[in-house]
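Hi everyone, thanks for making time.

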Amino acid sequence: MPPVEVEYTEHGRWGGRLTNRPLPDRDSEIDKLSAHDRDRLAKIWLTRAAMERRVADSFEVIHSALTRQRAATDIIELSYRAIDDEYRHAELSRVVASRFAGHELPPPERLVLETPKHTGASPDLRDTLFVVGQCVLNETTAGVYLETCLTHATGPLAVSALRELLSDEIDHGRIGWAHLASVSQDVRNDIARWMLPMAYLNLRIWKYETALDPNHTEALSKHGAPPAETIHDALANALASLIVPGLKQLGMSTASLEAWIEAGAGTDKPPVEFLGVS
Ligand SMILES: [Fe+2]
Ligand SMILES: [Fe+2]
């Protein structure tokens with residue numbers, strides 16, 4: 001296979017290195033896995049590589065939105081760094097997938113980014129909604145997702161990779177919270193009305209991307225992929241214990257979001273019956 005062309009650069013967080021700390025050279029826990037489990041883990045981590053790469057595209061949108069909004073310089077800079085961070089995440093996940101496969105895997109096929117339409121929002125509000133949807137929601141829940149994976153992981157390579165990913169995603173979440181804290185209360189009140197539909201869509205995507213697997217085994221948990229049920233519970237819990245309190249702190253109404261979470265945060269159908277709750 002020809003060498004993989006990496007997209008991250010020396011201007012990134014770690015000056016051109018893929019990780020802060022080197023990944024372990026050897027992982028004897030991987031050697032103990034069956035060929036079947038190795039294959040499954042390679043696929044799981046390669047799917048993650050594709051998703052991470054798509055988030056890099058999303059941060060191009062976020063960086064443009066924050067620039068148009070004349071957000072604080074450090075927030076704009078952090079959103080620019082995040083593009084490179086996500087290039088590293090994609091490559092890190094591909095490297096981990098290759099270690100499970102036992103040979104170099106090519107980068108996965110690119111996933112197409114579908115930017116939310118936010119029909120009815122002004123261009124200004126739409127920019128802030130992009131930032132809130134990606135950073136306040138998706139990056140905060142990504143942090144919880146990775147924490148959940150870490151809690152169950154014991155394999156040295158998986159633990160090391162998950163820690164690297166988590167240390168960036170925390171910063172990416174901060175972009176959203178810092179920006180939301182900087183806009184006016186009127187804008188926050190406008191955004192509050194969008195939080196339930198956005199949280200619903202975010203959780204629905206997460207569930208789609210971490211589908212229930214009746215053949216899940218402990219081996220997958222050890223190497224960074226806990227059962228989907230555990231992940232889904234953690235994500236719903238994150239909405240209740242992180243997102244809602246954060247929004248309340250910023251004086252935003254969360255009644256409809258809380259009512260939906262209280263009723264089980266279902267994603268089978270749009271939560272229209274909760275939209276009017278105040
Ligand atoms: Fe990422
Ligand atoms: Fe991220």
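Let's start with a pair of helices: the axes of H4 and H6 come within 9 Å of each other and cross at roughly 45°. That angle makes H4 oblique to H6. Before I go on, a word of caution: this is a predicted model, so local features need pLDDT of at least 70, side-chain atom pairs count only at pLDDT 80 or more, and totals for chains, interfaces and linings use all residues. As for labels, residues are numbered from 1 along each chain as its sequence is written, while chains are lettered from A and ligands numbered from 1 in the order in which they are written.

Helices here are DSSP runs of H or I with at least four residues, strands are runs of E with at least two, and both are numbered from the N terminus. Axes are lines fitted to C-alpha atoms, for helices over the stretch in contact, and the angles run from 0 to 180 degrees between N-to-C directions. Under 35 degrees counts as roughly parallel, over 145 as roughly antiparallel, 65 to 115 as roughly perpendicular, and the rest as oblique.

Back to our pair. The crossing of H4 and H6 is right-handed; that's the word if the near helix is turned clockwise from the far one by less than a right angle, and left-handed is for anticlockwise. On the H4 side, the residues that meet H6 include Leu125, Leu129, Val132 and Leu137. Across from them, among the H6 residues, you'll find Ile191, Trp194, Met198 and Trp206. By contact I mean C-beta atoms, placed from the backbone, within 7 Å. Sorted by class, this contact has ten nonpolar, five polar and one charged residues. Here Ala, Val, Leu, Ile, Met, Phe, Trp, Tyr, Cys and Pro count as nonpolar, Asp, Glu, Lys and Arg as charged, and the others, Gly among them, as polar.

Next, what does H6 do with H9? Those two pack at an angle of about 35°, with their axes 7 Å apart. The crossing of H6 and H9 is right-handed too. Met195, Leu196, Ala199 and Tyr200 of H6 touch Ser256, Leu257 and Trp260 of H9. That gives six nonpolar, one polar and no charged residues.

H9, residues 255-262, has another partner in H8, residues 228-249: their axes come within 10 Å and cross at roughly 155°. H8 and H9 are therefore roughly antiparallel to each other. H8 passes H9 in a left-handed crossing. From H8 we have Ala236, Leu239, Ala240 and Val244, meeting Leu257, Glu258 and Ile261 in H9. The tally for H8 with H9 is six nonpolar, no polar and one charged.

So where's the core? The largest nonpolar core has 68 residues, and Trp45, Ala97, Ala199 and Leu235 have the most contacts inside it. A nonpolar core is a set of buried Ala, Val, Leu, Ile, Met, Phe, Trp, Tyr and Cys residues joined through C-beta atoms within 7 Å. Buried means 20 or more other C-beta atoms within 10 Å of a residue's own, exposed means 12 or fewer, and partly exposed is in between, again with C-beta atoms placed from the backbone. H2, H3, H4, H5, H6, H8 and H9 each supply at least two residues of this core. Leaving aside neighbours within four places in sequence, Trp45 is in contact with Ser93, Val96, Ala97 and Phe100.

Now a look at Phe130, in helix H4. Is Phe130 buried or exposed? With 22 C-beta neighbours inside 10 Å, Phe130 counts as buried. Beyond four places in sequence, its contacts are Val61, Ile62 and Ala65.

Most residues other than glycine have a negative phi. His118, in the loop between H3 and H4, isn't a glycine, yet has a positive phi of about 50°. His118 is partly exposed, with 18 C-beta neighbours inside 10 Å. Ala265, in the segment after H9, also has a positive phi, near 50°. Ala265 is buried, with 21 other C-beta atoms within 10 Å.

Methods: Two residues are in contact if their C-beta atoms, placed from the backbone, lie within 7 Å.
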